[in-house]
Amino acid sequence: MRVFHCKCCGNCCRWDGVVHYVPEEGRRIAEFLGISEFDMIQKYTRLSDDRKELVLADKEDGGCVFLTEDNLCSINPVKPHQCGSYPYEWDVPPEYKALCPGYWEEKED
Ligand code: SF4
Ligand code: SF4
């Protein structure tokens with residue numbers, strides 16, 4: 001079994017690209033934050049550049065709106081599947097892999 005060790009640097013929450021807004025996940029995030037889904041959408045999402053969907057908003061520095069100054073995810077228990085599945089279900093280009101200081105370890109099942 002391969003296990004990934006994340007260094008919690010936050011780089012993958014800053015690099016180019018979007019986190020797609022999934023309504024079911026949005027409702028869980030809203031509940032976690034103690035706000036309505038409407039407020040969650042208003043405050044923490046934006047229209048994608050192609051105007052086809054909602055995505056999580058960015059901060060001025062380009063990082064995800066939920067990334068803390070300590071490089072942690074402020075909604076970690078309910079973060080989107082897209083985030084939680086990195087890097088297990090992702091195949092990212094080498095230039096992005098190079099930005100990730102995490103490492104894989106082989107473990108006995
Ligand atoms: S939701 Fe959390 S894990 Fe996902 S990009 Fe934003 S800060 Fe990173
Ligand atoms: S870039 Fe890699 S090490 Fe850094 S937070 Fe993301 S998964 Fe973890």
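Helices (H or I, at least four residues) and strands (E, at least two) are taken here as DSSP runs, numbered from the N terminus. The model is a predicted one, so local features need pLDDT of at least 70 and side-chain atom pairs count only at pLDDT 80 or more, while totals for chains, interfaces and linings use all residues. Residues are numbered from 1 along each chain as its sequence is written, with chains lettered from A and ligands numbered from 1 in the order in which they are written.

On that basis the protein chain has 4 helices and 4 strands, and read from the N terminus they come in the order β-α-α-β-β-α-α-β. The C-alpha trace spans about 45 × 30 × 25 Å along its principal axes. Contacts are counted when two C-beta atoms, placed from the backbone, lie within 7 Å. Taking contacts between residues at least 6 apart in sequence, 62% join residues at least 24 apart. Burial goes by C-beta atoms, again placed from the backbone: a residue with 20 or more others within 10 Å of its own is buried, one with 12 or fewer is exposed, and anything in between is partly exposed. Of the 109 residues of the chain, 10% count as buried.

What makes up the largest nonpolar core? A core of this kind is a set of buried Ala, Val, Leu, Ile, Met, Phe, Trp, Tyr and Cys residues joined through C-beta atoms within 7 Å. The largest one has 8 residues in all, namely Cys 13, Val 19, Tyr 21, Tyr 44, Leu 56, Cys 64, Phe 66 and Leu 67. Leu 56 is in contact with Val 19, Tyr 21, Tyr 44, Thr 45, Cys 64, Val 65 and Phe 66, once its neighbours within four places in sequence are left aside.

Then there are the two ligands. A residue is put in a ligand's shell if its C-beta atom, placed from the backbone, lies within 6 Å of the molecule. Ligand 1 is surrounded by Cys 13, Val 19, Leu 56, Cys 64, Phe 66, Leu 67, Cys 73, Ile 75, Lys 79, Pro 80 and Cys 83. For the class counts, Ala, Val, Leu, Ile, Met, Phe, Trp, Tyr, Cys and Pro are nonpolar, Asp, Glu, Lys and Arg are charged, and the others, Gly among them, are polar. The shell of ligand 1 then divides into 10 nonpolar, no polar and 1 charged residues. Around ligand 2 sit Cys 6, Lys 7, Cys 8, Cys 9, Gly 10, Asn 11, Cys 12, Tyr 86, Cys 100, Pro 101 and Gly 102. By class, that shell has 7 nonpolar, 3 polar and 1 charged residues.

Turning to the helices, H1 (residues 23–33) packs against H2 (residues 37–44) at an angle of about 95 degrees, and their axes are 9 Å apart. The axes are lines fitted to C-alpha atoms, for helices over the stretch in contact, and angles run from 0 to 180 degrees between N-to-C directions. H1 and H2 are therefore roughly perpendicular to each other, a label that covers 65 to 115 degrees (under 35 is roughly parallel, over 145 roughly antiparallel, and the rest oblique). On the H1 side the contact is made by Gly 26, Arg 27, Ile 29, Ala 30 and Leu 33, and on the H2 side by Glu 37, Met 40 and Ile 41. These residues divide into 5 nonpolar, 1 polar and 2 charged. Glu 37 touches Gly 26, Arg 27 and Ala 30, not counting residues up to four places away in sequence, and counts as partly exposed with 14 C-beta neighbours inside 10 Å.

A few backbone details stand out. Most residues other than glycine have a negative phi, and most peptide bonds are trans. Cys 8, though not a glycine, has a positive phi of about 55 degrees. Cys 8 lies in the loop between strand E1 (2–5) and H1 and, with 12 C-beta neighbours inside 10 Å, counts as exposed. Asn 71 likewise has a positive phi, of about 65 degrees, in the loop between strand E3 (54–56) and H3. Tyr 86 and Pro 87 are joined by a cis peptide bond, with omega about 0 degrees, and Pro 87 is found in the loop between H3 (81–84) and H4 (94–97).

Finally, the chain ends. Glu 108 is in the segment after strand E4 (103–106) and counts as exposed, with 4 C-beta neighbours inside 10 Å. Glu 108 and Met 1 are 107 residues apart in sequence, yet 6.2 Å apart in space, C-alpha to C-alpha.
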